[in-house]
Amino acid sequence: MVNQSDLPFRVLVRRYNTSLVYTQMLLPERLLNDQDYLEFHTKGLREAPDTPVVVQLCGNDPEVVLNAAKKVVDKADAIDLNLGCPQETAREGHYGGYLLDKKDWPVVESIVSALSTSLPVPISAKLRLCQNTSSTPDLGERLEAAGASWLTLHARHVSARRRRQGAADLAQVRVLKSRVRIPVVSNGNVRTWEDVQRNRAETGADGVMVGETLLANPCLFANVTPDPVKISLEYLALCREYPGTATMATIQTHVRHFVDHQCGRRPWFNKFRAALGQCASVDDIERLLRVKVQRWRGLAPLRAGEEEDDDESEGEIEREEHRREAGLEETLAAGMSLLE
């Protein structure tokens with residue numbers, strides 16, 4: 001998730017039962033040639049409680065990708081090669097999901113092989129469906145042979161204009177799982193905790209990856225829908241705890257997602273977005289949430305410290321714990337076992 005998998009957010013989702021997190025997709029050339037970029041994206045990386053963490057890279061040059069990986073490998077529990085990014089910049093740079101054509105498979109195999117033979121951590125790959133869907137398992141087998149320790153399949157085709165073109169074809173995850181011996185993680189069609197359980201049941205996958213839905217509800221894996229203001233304040237507190245690890249634009253986007261998840265259809269939401277865009281600091285955002293957003297919701301201002309008594313989130317987690325214990329333990333174990 002470009003510009004969205006910052007350290008405060010990674011720490012936040014871990015509090016709510018996410019077992020394995022990824023960095024955003026990092027550009028190898030910038031890791032090698034831009035010291036500020038390197039320092040920003042490695043600040044606090046893999047330091048407690050940010051572990052286990054997978055560093056995701058893209059690229060189409062085995063030597064460049066390997067050299068970039070060497071820059072970050074000491075701060076990674078694993079390295080992932082992105083073969084799924086559908087963005088226009090990926091098309092122009094010929095990386096991500098635009099390396100899925102058969103003519104590019106030798107390059108992809110060379111990258112995975114170079115990483116797996118040269119680095120002391122596991123190597124994974126996240127891919128989408130090949131344009132010829134039936135060839136996707138063939139690529140999976142070749143990635144396994146090249147040294148991939150696990151694969152993640154977002155079972156949609158690449159489309160720069162429509163990133164989520166239709167529902168993900170989860171049957172293809174099951175096909176891939178049947179063709180390789182390494183773990184397979186399923187990505188797609190998750191909006192709720194029940195969807196996570198359904199996804200694993202349908203695909204037989206070893207784990208489930210969630211992206212955009214987790215931006216809206218970082219408590220998804222705890223089967224909790226948090227109060228939008230209180231979860232925003234919890235995230236802001238982490239931004240203060242880990243300064244310099246998230247830009248103001250990233251912080252604003254996260255808060256907008258949290259509030260949008262439950263309040264996006266409220267008549268005041270556009271006014272909130274405008275006010276959020278005018279905030280110049282974490283303190284400004286906090287005041288907006290505690291006073292104006294609470295008032296727009298018809299609630300009293302939230303004084304400092306009140307969010308700690310959150311019966312709607314922490315209490316609900318405790319009440320749900322026994323009901324979901326078996327399924328959750330399986331999901332957590334799957335995430336951790338990928339790194340063994």
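Buried means under 20% relative accessible area, exposed means over 50%, and partly exposed lies in between, computed with a 1.4 Å probe on protein chains only. This is a predicted model: local features need pLDDT of at least 70, side-chain atom pairs count only at pLDDT 80 or more, and totals for chains, interfaces and linings use all residues. Residues are numbered from 1 along each chain as its sequence is written, and side-chain values use heavy atoms, with hydrogens and water left out.

## Overall build

The chain has 15 helices and 7 strands. These elements are DSSP runs numbered from the N terminus: helices are H or I with at least four residues, strands are E with at least two. Of the 340 residues in the chain, 54% are buried. Contact means heavy atoms within 4.5 Å. Among contacts with a separation of 6 or more, 70% join residues 24 or more positions apart.

## Nonpolar cores

A nonpolar core is a set of buried Ala, Val, Leu, Ile, Met, Phe, Trp, Tyr and Cys residues joined through side-chain atoms within 4.5 Å. The largest one holds 100 residues. Its members that touch the most others are Ile79, Leu143, Tyr235, Phe272 and Leu289. Helix α11 (residues 228–241) gives the most to this core, with 7 residues. A second, separate core has 7 residues, among them Tyr22, Val54, Trp150 and Val185.

Leaving out residues up to four places away in sequence, Ile79 touches Val54, Val55, Leu57, Val72, Leu115, Leu119, Val121, Pro122, Ile123 and Ser124.

## Helix packing

Axes are lines fitted to C-alpha atoms, for helices over the stretch in contact, and angles run from 0 to 180 degrees between N-to-C directions. Angles under 35 degrees count as roughly parallel, over 145 as roughly antiparallel, 65 to 115 as roughly perpendicular, and the rest as oblique. A crossing is right-handed if the near helix is turned clockwise from the far one by less than a right angle, and left-handed if anticlockwise. For residue classes, Ala, Val, Leu, Ile, Met, Phe, Trp, Tyr, Cys and Pro count as nonpolar; Asp, Glu, Lys and Arg count as charged; the others, Gly among them, count as polar.

Helix α13 (residues 269–278) packs on helix α14 (residues 282–296) at about 165 degrees, with the axes 11 Å apart. The two are therefore roughly antiparallel. α13 passes α14 in a right-handed crossing. From α13 come Lys271, Phe272, Ala275 and Leu276; from α14 come Ile285, Leu288, Leu289, Val293 and Trp296. By class, this contact has 8 nonpolar, no polar and 1 charged residues.

Helix α12 (residues 248–263) also meets α14: the axes come within 11 Å and cross at roughly 15 degrees. That makes α12 roughly parallel to α14. This crossing is right-handed. Met248, Ile251, Gln252, Val255 and Val259 of α12 meet Val282, Ile285 and Leu289 of α14. The contact divides into 7 nonpolar, 1 polar and no charged residues.

Helix α8 (residues 170–179) and helix α9 (residues 193–203) cross at roughly 50 degrees, and their axes come within 8 Å. α8 is thus oblique to α9. Leu170, Val173, Arg174 and Lys177 of α8 touch Asn199, Ala201, Glu202 and Thr203 of α9. This contact has 3 nonpolar, 2 polar and 3 charged residues.

## Single residues

| Residue | Class | Relative accessible area |
|---|---|---|
| Asp195 | buried | 15% |
| Asn17 | partly exposed | 21% |
| His94 | partly exposed | 28% |
| Arg30 | partly exposed | 38% |
| Gln278 | exposed | 67% |

Asp195 is in helix α9. Apart from neighbours within four places in sequence, Asp195 is in contact with Asn189 and Val190. Gln278 belongs to helix α13. The C-alpha atoms of Gln278 and Gln252 are 9.8 Å apart, across 26 residues of chain. Arg30 sits in helix α2 (residues 28–33). Arg30 and Ala68 lie 38 residues apart in sequence and 8.6 Å apart, C-alpha to C-alpha.

## Backbone features

Asn17 is not a glycine, but has a positive phi of about 80 degrees. Asn17 lies in the loop between α1 (7–15) and β1 (21–26). His94 has a positive phi near 55 degrees. His94 is in the loop between α5 (88–93) and α6 (105–118).

The peptide bond from Ala48 to Pro49 is cis, with omega near 5 degrees. A cis bond also joins Thr51 and Pro52, with omega about 0 degrees. Pro49 is in the loop between α3 (35–42) and β2 (53–57). Pro52 is found in the loop between α3 and β2.
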